[in-house]
Amino acid sequence: MRAPQPAAGSWRSWALAVAILVGLNALVLHTPLIWGKTTLWVQEPRERLRWTGFWQVYDVARTLHRPQPDAAERVALIGNSLMWFAAQDAYVERALRQLAPDADVQVDNLSFFGAKIGDIEIVSRELARLQPSVVVLALGGSELVVTKHLQLINPTGRLLDAGWRDGPLPPRSRSERVDRWLRTAWPMYRFRHFARAGLADRLRPAAADQSIPTHFGSPAEVLAFLEGARGTSAVATYEAWRAAPTLEGFAAFMRARGVPAEPIDPLPDPATLTLESPGVAVLDRLLARLAAGPWQTFIVLMPENPLLDADREGRYHRLGFSARAAEVIGRVAARHAVRVVDGRRWLPAEAFIDFQHPWPDVSGFQVPLAEEILRARQS
Amino acid sequence: MRANPEPAPSLAAVLLRALLYAGAITVLVLYAPDDGGRFIYVGF
């Protein structure tokens with residue numbers, strides 16, 4: 001029988017292994033080999049279903065944990081898809097430059113698709129890293145409630161979950177808590193999904209993936225970007241709706257894009273949203289943190305498509321939910337003296353790509369948002 | 001009678017072992033199965 005290698009059990013081997021692991025940790029955190037993907041928009045429809053949210057969270061982790069370009073001031077935006085596309089960094093920075101040419105402000109949009117209030121609270125734990133002067137919390141109301149497809153914390157948000165103490169929603173099990181501790185203590189473990197996917201993408205890049213354009217000139221350009229060939233045919237339906245702007249005509253435009261006009265993930269009865277709801281308790285903790293931070297905070301109630309006024313039977317939205325959510329958000333915000341900007345009527349129907357989301361860039365959503373950011377900055 | 005003391009491992013052997021341990025841990029951490037595929041696309 002062969003004698004064991006003397007190095008196998010040597011403390012020197014283990015000490016050196018730990019030193020190498022510390023080096024690998026630094027590598028995982030800092031190498032562009034892992035964090036260099038900029039083509040975050042997944043074009044292949046099936047892959048998009050699985051990966052878009054992931055790459056958005058990857059981008060959030062990169063913004064929060066990797067060195068950022070110097071800027072005199074930073075503004076952080078937190079929210080979900082309502083904010084993600086309509087307030088891309090480039091659009092808001094351009095609007096800020098137009099309104100205040102002397103301001104050197106960098107915008108960090110930390111939103112991602114499907115984020116609910118628990119996910120947003122997780123992102124808020126790391127905001128201090130960016131040292132923002134203004135934090136904008138974008139809410140449409142749906143973030144506060146559990147729906148068929150989404151919980152208050154989702155797999156995407158959980159990728160960022162860290163901290164020694166429990167958040168406002170306790171972990172579902174002891175192992176989940178231990179997992180969070182491990183993630184907090186060990187960066188390589190914490191960022192393992194991003195490291196794995198980032199490396200794989202470098203080795204075999206998804207050629208079809210694209211960077212988000214820093215400028216869109218028209219809805220047709222947006223549709224061509226989002227849908228390719230199908231976008232071209234959807235333009236005709238969009239133009240038909242512009243000529244006769246009815247609720248059903250807009251629903252037909254959405255269907256031409258391959259998007260259901262009826263809600264994919266319907267909201268619950270507005271009466272179930274109360275000050276005692278679990279999601280509202282999370283909002284309360286989130287606002288307590290934001291109000292205590294060394295920055296100005298305000299909430300934007302995100303624009304709503306005014307066409308929904310004609311949806312009196314609630315086919316395309318949950319009747320009464322928006323008003324209920326706005327009331328609850330206003331009451332919780334008042335506890336923490338956080339300003340609520342009601343942007344629900346900021347935009348006309350032609351500024352929307354569907355019943356919830358403004359067109360990126362061409363909607364002009366970034367202009368009133370920038371005005372509010374400048375107002376917060378001066379207060 | 002005293003047993004012969006074990007010979008001290010060579011530097012190269014220690015380095016090789018350390019790389020093996022660190023590499024194995026890294027691969028395990030990065031590629032252990034998990035629920036990373038359960039993302040739901042809700043958006044545009």
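Chain B of this predicted model contains one helix and zero strands. Of the 44 residues in chain B, 20% are buried.

Chain A, for its part, is divided by the domain assignment into domain 1, which comprises 1–67 + 157–209, and domain 2, which comprises 72–150 + 214–379. The centres of domain 1 of chain A and domain 2 of chain A, taken over C-alpha atoms, are separated by 29 Å. Where these two domains meet, domain 1 of chain A contributes 14 residues and domain 2 of chain A contributes 19 residues. On the domain 1 side, helix α3 (residues 45–65) of chain A supplies the largest share, namely seven residues, and by class the domain 1 side that touches domain 2 has six nonpolar, seven polar and one charged residues.

Strand β4 (residues 296–301) of chain A is mostly covered, with five of its six residues buried. β4(A) pairs with strand β3 (residues 134–139) of chain A, to which it runs parallel and is joined by six bridges, and also with strand β5 (residues 339–342) of chain A, again in the parallel sense, over four bridges. The two pairings are set out below, each with one of its bridge partners.

| Strand pair | Sense and bridges | Bridge partners |
|---|---|---|
| β3(A) and β4(A) | parallel, six bridges | Val134(A) and Gln296(A) |
| β4(A) and β5(A) | parallel, four bridges | Leu301(A) and Asp342(A) |

Between β4(A) and β5(A) the chain crosses through helix α15 (residues 321–335) of chain A, and this β-α-β crossover is right-handed.

Gly314(A) is placed in the loop between β4 and α15 of chain A. Along the chain, Gly314(A) and Leu301(A) are 13 residues apart, and their C-alpha atoms are separated by 20 Å. Leu301(A), in turn, has Asp342(A) as its bridge partner in β5(A).

Conventions
Residues numbered from 1 in each chain as written. Chains lettered and ligands numbered in written order. Predicted model: local features only at pLDDT ≥ 70, side-chain atom pairs only at ≥ 80, totals over all residues. Helix = DSSP H or I, 4+ residues; strand = E, 2+ residues; numbered from the N terminus. Buried ≥ 20, exposed ≤ 12 C-beta atoms within 10 Å, placed from the backbone. Pairing = 2+ DSSP bridges. Right-handed = clockwise from strand over helix to strand, strands pointing away. Domains from an automatic or database assignment. Contact = placed C-beta atoms within 7 Å. Nonpolar A, V, L, I, M, F, W, Y, C, P; charged D, E, K, R; others polar.
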